[in-house]
Amino acid sequence: MPRPIKLPSWATSTNFSATEITDPHHNTPTKVEPNSGTRSNGFEPRSRPAAQIFNYLLNELAAWIGYLAPLALSNWFTRAADTTSSPTAAVAIASRPWAGERDAFLAIFDTASNGIAQRSPAGDAWKNTGSGITGALFDVAWMGGSVNRWILVGAAGAIWYRAGNASDATAWSSTGPGSGDDFYAVAVNDDGDLAVAVGENGRIYTSTDGASWTSRTSGTSADLLGVAYGGGLWVAVGNAAGDDFVITSTDGTTWSIAGTGTAQINDVVYDAEHEVFVLADVTNVRQVTTGGVLSAVIGTLPSDIIALATNGHGTIVAIDRVSFFVSTDAGETWSSAIVIAQGTGTTSTTLFYDVCWSESLGCFYAVGKDDTVPLLAQSMRVN
């Protein structure tokens with residue numbers, strides 16, 4: 001179920017719509033908010049609050065109790081995107097810590113080969129952010145800490161940044177090399193003071209503020225399609241001429257090849273509880289330790305995985321454009337394919353492109369399209 005957005009509060013005639021009844025203890029309407037003194041200091045000893053006040057609070061608390069109960073990841077429901085700009089697909093999504101921010105989520109969309117970014121405080125009610133973006137977008141990341149910026153990467157070496165919680169009219173600022181190879185993925189370390197963007201032909205750039213970027217040598221000409229940070233290590237993955245590549249770095253500056261394979265790797269995630277990175281090269285699932293060691297195959301999936309997300313506690317969601325797969329043991333075993341039932345905002349033309357985890361909401365979000373209309377999906381709550 002979705003996170004209850006409204007916190008418990010006093011019942012009043014405007015926020016509690018039950019039929020007006022009379023409290024037999026003091027013959028007054030039960031939908032009465034306490035005066036300011038009572039709200040601040042509480043009820044006097046032996047005083048009897050209106051029963052409906054507690055009924056309202058208990059109803060709200062019950063919603064939270066239901067939300068906090070962990071549920072299986074077998075059900076997903078769709079969310080609506082703001083289509084005033086006529087986007088054709090949702091390309092990628094990222095979340096930031098919940099604190100009531102207007103942009104707790106940021107998703108990037110495609111429209112006429114140009115990217116647009118939309119924000120949402122709770123994964124719904126999506127609204128366009130400022131202008132300034134040109135060309136296609138491929139990934140988004142939140143750079144927290146004192147930097148407090150969103151970062152977008154896209155075609156022809158383009159990178160944009162924008163302050164968190166900026167007004168909708170605030171334009172995106174352009175940075176990065178701005179020409180040449182595409183950037184396919186971007187990630188940020190735990191402290192929010194280093195971002196790494198990767199892309200075509202082994203391209204890697206790093207930034208400590210999201211505004212100024214420095215080119216690094218990756219040691220490979222592989223197209224780098226995914227990047228993640230965790231446990232003091234960076235891991236980037238990709239492919240070159242039919243072979244997959246895994247490269248690692250402890251500082252984002254110096255990189256080394258951890259291993260190669262025979263198929264393309266599209267994404268990688270770090271699971272903090274198990275202290276491993278998880279990746280899938282088409283159907284084979286492997287791990288990378290925080291020491292930079294690439295494992296043998298630990299599990300298998302039935303189709304080509306394009307995106308992964310983890311809650312950091314062993315639960316991983318993988319998507320293959322049509323179906324969801326779930327692992328609760330850091331990638332060793334996987335559920336059967338989970339498909340959102342048609343008639344709930346999806347059809348036979350539904351495709352998904354990316355998935356992310358929201359720590360504050362306790363659920364996963366996936367984005368894609370249904371024919372030429374953007375589609376967003378939210379999972380049930382998990383541990």
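Okay, let's start with cysteines: if you search this whole structure for disulfides, you find zero. Take cysteine 356, which is in no disulfide: the nearest cysteine sulfur belongs to cysteine 363, and that's 8.5 Å away. Keep in mind that this is a predicted model.

For a disulfide, the two sulfur atoms would have to be within 2.5 Å.

The cut-off for buried is under 20%.

Now let's zoom out. The protein chain has two helices and 29 strands. It has 383 residues, and 52% of them count as buried. The accessible surface is about 16000 Å², with 50% of that belonging to carbon and sulfur atoms. And if you take the contacts with a separation of 6 or more, 48% come from residues 24 or more positions apart.

Six of its seven residues are buried, so S8 is largely enclosed by the rest of the structure.

Which strand does S8 pair with? That's S9, residues 149-154; the two pair in the antiparallel sense, over six bridges. For example, leucine 137 has glycine 154 in S9 as its bridge partner. The S8 and S9 hairpin has five residues between the strands, and in that hairpin glycine 145 takes a positive phi near 60 degrees.

That's it from me, thanks!

Definitions and conventions
Residues are numbered from 1 along each chain as its sequence is written. This is a predicted model: local features need pLDDT of at least 70, side-chain atom pairs count only at pLDDT 80 or more; totals for chains, interfaces and linings use all residues. Side-chain values use heavy atoms; hydrogens and water are left out. Buried means under 20% relative accessible area, exposed over 50%, partly exposed in between (1.4 Å probe, protein chains only). Helices (H or I, at least four residues) and strands (E, at least two) are DSSP runs, numbered from the N terminus. Two strands pair if DSSP finds at least two bridges between them. Contact means heavy atoms within 4.5 Å. Accessible areas come from the Shrake-Rupley method with a 1.4 Å probe; for residues, only the protein chains shown count as cover.
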